[in-house]
Amino acid sequence: MTKEQVLEIKNNPNYQKLVNTRSKFAWTLTVVILVVYYAFILLIAFSPETLGAKISPDAMMTVGIPVGIAIIVFSFALTGIYVRRANNEFDGLLNNLKNDVEKGMK
Amino acid sequence: MLSRFLSLFIVAGLAIAMAAGADLGEGTKAEELNVPAIVMFFLFVSGTLGITYWASKRTKSAKDFYTAGGGITGTQNGTAIAGDYMSAASFLGITGMVYLKGYDGLIFSIGFLVGWPVILFMISEQLRNLGKYTFADVTAYRLKQKQVRILAALGSIAVVILYLIAQMVGAGKLIEILFGLDYEIAVVLVGALMIAYVAFGGMLATTWVQIIKAVLLLVGTTFMSIMVMSEVGFSFDVLFTKATEIHSKGIEIMSPGGLVSDPISAISLGIALMFGTAGLPHILMRFFTVADAKEARKSVFVATGLIGYFYVLTFIMGFGAIVLVLGDPTGQYLAADGVTLKGMNNMAAVWLAHAVGGDYFLGFISAVAFATILAVVSGLTLAGASAISHDLYANAFATGKVDEKKEMNVSKMATVGIGIAAIFFGIAFEEQNIAFVVALAFTIAASANFPVLFMSIFWKKLTTRGAVIGGYIGLVSALVLVILGPVVWTSILGNAEPIVPYKFPAVFSVPLAFIAIWFFSVTDKSDDAKRCIEEFDAQDIRCQTGIGADGAVDH
């Protein structure tokens, strides 16, 4: 890639839109999973009895079990949300950009 | 050459079967020759060697060897990644931990899983767009090849060897119990098979062995979980009530226990598990086997789903083992002391297979457990061999003077070398506590590989000096802190008090590596530093778009 091409792509509005929206989205989701996970870890460290409480007086199930399973399901759901948006939105922006670049080369 | 190896293998197999048969009279019940297991195991091995033969015909170029020609689909790759992750340590270890400690086992599972979304958001597509065969292709993209490649190769080889030791020792023990074979024979058998898969079949064979095993393991564990739930009328409350009645810890197994006792240990464990995954060379390498970033992202989605599902099953199986194995009225699964399980507590999943499915299902699960080890060690060996041939040989020491053929030959020799080293270490470490080995592998991956990889992708001002010094500081601090920690300093060296009280010191070593990378980059005023910074924009465009990426399927 020449310096001119680098500059041209960097100034392309499709490129800027792609990079900005995707970075923002990816970082937001990363922060969400980190917050959820470390909230869980801190709960274990500082207040294990919260997770050990029974969900109802006559049940054996404790709060921690559905919470734990929910984190597993939530992790998977987040990857699904990202993949969906990437396929529907980011790939479209990327194709526009690639078309622009090809035109620029001709 | 392969057919000669095949016939050699069959002869060796017969010899082993006969040797094992000779032991039949002397063994106790648990170590008796397990005929269904051996039959299923031979079916698996002949099937996978057949695949290796097929793959060897298609493995012509270096690209074929390292990345299966880039022609693996996202779903296939996701299944293979899940297979890499569902190692014997996960299958037997986590089920065993739930069996022993209840809820604490789930905490570990969650830690192993939450790294995956982060890999998807931050690493997977970037890696695919920038790299070719190894993650060092990414870290050395705009930095000085030689120094950065050597660092990455050392980090990779360290992680691979440590992980291999853990798997080999586990494999030897498991096979000793399940098949009634001698420990040494078992280790040699695993080593020989993994050399065959990797050297002849490259990434294509390694991937398919992994996919087949992942499917077998998921089918087997699903069946076991359904059988456990049918035993308790599909009611979790009945399962938990029965388990607490049988387990010596009683109601305590339903809540977090002593596993993660203080906040620093908890956070440190979390960092090691989460970022360690993003620094495991055999996992990162799989992102180069798919055609483009879109397939890379699909791989992570599939892998996360399968791994998450599998962890939920291990939780059910662990509690199922308390009810059906520990609670078995005849006590047939317990050792002479009447408390621990025959073999070891990691055998909970295996005995549960017998409890719900009899001898034949036990045979199936034993064969799957063995297949799991084989598949995982093959992936590790390939990653280690690539670090040696692609990073050290082709790019660090013989720059520009290597053709593909030579590089592949070096890789095959490295495979044999790593295989022999793994056999040797497996036998040497037989009596060692291998828990620290896994702790160390994850801590090194998180402290040496991950920070350099992450910063090289995202941080414009990274320079060669910063990456190299920071990477070595991460590597050395991880090593030193683990040695001074409870597992090595107290348990292995026999000192009274550990100097560092944390088993996973990642909470210190990971930030240290990041700070060092930052400091030695911003203070770097050399010409090379200016060049590294100037070249970031071009790298970033390729990283973001895949334009110019090495890639699409070429056949």
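Helices here are DSSP runs of H or I with at least four residues, strands are runs of E with at least two, and both are numbered from the N terminus. With that settled, chain A reads α-α-α-α from the N terminus on. That is four helices and zero strands.

Before going further, some ground rules. This is a predicted model, in which local features need pLDDT of at least 70 and side-chain atom pairs count only at pLDDT 80 or more, while totals for chains, interfaces and linings use all residues. Residues are numbered from 1 along each chain as its sequence is written, and chains are lettered from A and ligands numbered from 1 in the order in which they are written.

Now the overall form. The C-alpha atoms of chain A fill a box of roughly 75 × 25 × 15 Å along the principal axes.

Next, the partner. Contact means C-beta atoms, placed from the backbone, within 7 Å. By that count, 44 residues of chain A touch 43 residues of chain B. On the chain A side, α1 (3-11), α2 (13-46), α3 (48-52) and α4 (64-105) each supply at least two residues. Which helix gives the most to that side? It is α4(A), with 19 residues.

Technical notes. Two residues are in contact if their C-beta atoms, placed from the backbone, lie within 7 Å.
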